[in-house]
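I would like to know what lines them.

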Amino acid sequence: MMHGSPARSELRRIQENWLAKSERRVLQWLCARMPASITPDRLTAIGMIGATMVFGGYIASNLGHLWLLLSLAGYVVQWFGDSMDGSLARYRKIERPSYGYFIDHSCDGMANLLIVAGIGLSPYVTMNIAMVALAGYLLMSVHTFLAARVMGELRLSYLAMGPTELRLFLILLTIAMMAIEPGGDRIWTIPALDALVGLIGAALICLFIVQTLLVARTLARVDSNADR
């Protein structure tokens, strides 16, 4: 996901999602075959192009559901650029830790804004519900960056779920959009897709609260031991 890590040498990357090992093998295979003209910065730009494709496909789905195919293609492009930039930098041993950390996470934030805003501007999910999901993502991002500062570890997955699993969920959501009429298939009085996206947002917010309490308890214990 990243060109590198912050300047703090003790910062550890923790990535324990279900697909991590398989994805790492694929990325290594691609890195070995990547032309010299392709650089980590260019891959980061490709990832942003993919996010823009996702956004455009969701917007255009107001004209017809087949435009969602553009969003599906965009997810593949976004995965390729976002996952390959840091992998290629590490493979070629050309990491720029502070620059890579800053640029990568800045682009991640913008890409996720484009994706979730696109979902909210589609005819399938209301913007209010989409913003709940975005709030959950942003809270988890805040937690990740704070934990990196105080714990010395950058956690890229929670509950065995990471960025790739999240993309797969969004791909399945987009396929469901193609099969369901806007506002159709309700759970009680709530459109099914609204309920699903809202549930994911609520789960992220709850995860943020739980993780915050766990880290706070750990830090309190560490600080208490340091005072003795």
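**Cavities and pockets**

By class, the lining of the largest cavity divides into 3 nonpolar, 3 polar and 4 charged residues. In these classes, Ala, Val, Leu, Ile, Met, Phe, Trp, Tyr, Cys and Pro count as nonpolar, Asp, Glu, Lys and Arg as charged, and the others, Gly among them, as polar. The model is predicted: local features need pLDDT of at least 70, side-chain atom pairs count only at pLDDT 80 or more, and totals for chains, interfaces and linings use all residues. Residues are numbered from 1 along each chain as its sequence is written, and side-chain values use heavy atoms, with hydrogens and water left out.

Rolling a probe the size of a water molecule over the atoms shows where empty space is left. On a 1 Å grid over the protein atoms alone, a cavity is a set of points where a 1.4 Å probe fits but cannot get out, while a pocket is an open set with protein on both sides within 12 Å along at least five of seven lines; lining residues have an atom within 4 Å of a point. Grid points are joined across faces, edges and corners, and a volume is the space filled by probe spheres set on the points.

The structure holds 2 cavities of 30 Å³ or more, and the largest cavity has about 60 Å³ of space. Its lining is made up of Thr44, Gly47, Met48, Gln78, Asp82, Asp85, Asp104, Cys107, Asp108 and Ala111. Two or more of the lining residues come from each of helix 2 (40-60), helix 3 (68-92) and helix 4 (97-121). Helix 4 gives the most, with 4 residues. Helices (H or I, at least four residues) and strands (E, at least two) are DSSP runs, numbered from the N terminus.

The largest pocket has a volume of about 1100 Å³. It is lined by 38 residues, and Tyr137, Gly162, Pro163, Leu166 and Leu204 lie nearest its centre. Helix 3, helix 4, helix 5 (127-151), helix 6 (163-179) and helix 7 (192-226) each give two or more residues to this lining, with helix 5 giving the most, 9 residues. The lining of the largest pocket has 25 nonpolar, 9 polar and 4 charged residues.

The second largest pocket holds about 320 Å³ of space. Of its 15 lining residues, Gln15, Arg24, Leu27, Ser87 and Arg90 are the closest to its centre. Strand 1 (12-14), helix 1 (20-32), helix 3 and helix 6 each supply at least two residues of that lining; helix 1 gives the most, with 5 residues.
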